[in-house]
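Morning, everyone. I'll talk through the spaces in this model and the ligand. Here it is on the screen.

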Amino acid sequence: MTRRSFVMSATAAVTTFSIVKPAFAATYKLATNLPAGHPMLARLQEAATKIKADTNDEFDIRFFPNSQLGGDLEVLSQLRSGAIQFYPLAGAQLSNLVPIASLNGVGFAFNTIDEVWKAMDGEVGTLIRNALTDSGLFVFNEMFDNGFRQITTGSKPIEKPGDLAGVHIRVPPSPLSTSLFKAFGAAPQSISFGEVYTALQTKLVDAQENPLPLVDSGKFYEVQKYVSLSNHMWDGFWILANGAFWKKLPPETQEIVSKRFREAALAERKDLVELTGSITEKLKAAGMTFVEPDREAFRSALNATSFYADWKEKFGAEAWATLEKYTGKLG
Ligand code: X2X
């Protein structure tokens, strides 16, 4: 072997050894129906930057916000088929695949965010996470906060239950949300989040309901006039991964991603509590009128319908009892 061929084979060996990429090295897709400016996106992007650093720039997550890849349920199919790898999604939309996923969304179940996290980091969360896992998805432990949902309208404020009669209101594609507003005599229309602004602008609907951070980041203040602080439902986001993709990742990589997503979820929960005050002022400055409706009147109006009895039957007595451990008797 000549000196020259020895040097060439040694160089080749070194080069081959040094550029062997770990099996998981790739760019992965995370899609979301949330607007780019939402606090959850900011925390997830922060986590993605840390994950990339923790994995020597090998594990790269590319974001597709604003429903770029399609409607809420369309993208859920893309996650299940493996076309995308990550998808933060609320229990409302997930209930189309796993009905129990909207258990936490029962009308007026929770009064405070502390009650919510006791339940969602407790037995209610476990019940839902297990059911989502049984559907083949990988579900990260900690939920992100979406917040308590408020009603916004274009033409008139909602101050008492009767004000909802006949109101064309957008709800997420969720049987529970549709039934809640039907119970108040409204005309709910389930529309994917990415199409809400246009539906309001074109007056296809006159109202929608979402937490204030989404009224802000969705720019709904441009197409709505009133905010009724109904707190009629709490919902959050599960961070989902395609099950097959997740299983193939090395355990140390799974731990890095889980750790960074956990940190992001806990930070985002704090963000939303801190932001609510400043967002209220921003929306008022943008011309929105806030009203404090009589929530007890809404709760007793709902009690007078079969809403709670119907959903107790649909979710099942065991799940309902688990929820009531945290909310007290419902209905
Ligand atoms: O669709 C909605 O309204 C949203 C973004 O709040 C949810 O994902 C439930």
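The largest cavity holds about 80 Å³ of space. By cavity I mean a set of points, on a 1 Å grid over the protein atoms alone, where a 1.4 Å probe fits but cannot get out. Grid points are joined across faces, edges and corners, and volume is the space filled by probe spheres set on the points. This is a predicted model: local features need pLDDT of at least 70, side-chain atom pairs need 80 or more, and totals for chains, interfaces and linings use all residues. Numbering runs from 1 along each chain as its sequence is written, and side-chain values use heavy atoms, with hydrogens and water left out.

How many cavities of 30 Å³ or more are there in the whole structure? The search finds one.

Now its lining, meaning residues with an atom within 4 Å of a point. There are 14 such residues, and the closest to the centre are Asn-33, Gln-93, Asn-146, Arg-149 and Asn-210. Helix 4 (91–94), strand 5 (144–153) and strand 9 (226–242) each give two or more residues. Those elements are DSSP runs numbered from the N terminus: helices are H or I with at least four residues, strands are E with at least two. By class, the lining has seven nonpolar, four polar and three charged residues. Here Ala, Val, Leu, Ile, Met, Phe, Trp, Tyr, Cys and Pro are nonpolar, Asp, Glu, Lys and Arg are charged, and the others, Gly among them, are polar.

What takes up that space? The ligand does. The criterion is that more than half of its atoms lie within 2 Å of the grid points.

A polar side-chain atom of Asn-210 is 2.6 Å from a ligand oxygen. For the side chain of Arg-149, the distance from an N or O atom to a ligand oxygen is 2.9 Å. For Asn-146 it is 3.0 Å. Alone, the ligand exposes 260 Å², and the protein buries 100% of that. Those areas are Shrake-Rupley, with a 1.4 Å probe.

Last, pockets: open sets with protein on both sides within 12 Å along at least five of seven lines. Of its 16 lining residues, Gly-147, Phe-148, Gln-150, Asn-231 and Thr-276 are closest to the centre. Strand 5 gives the most to this lining, five residues.

The second largest pocket is about 160 Å³. Its lining includes Asn-33 and Phe-193. That lining splits into five nonpolar, five polar and no charged residues.

Technical notes
Polar contact = N/O pair within 3.5 Å; in protein donor to acceptor, adjacent residues only side chain to side chain.
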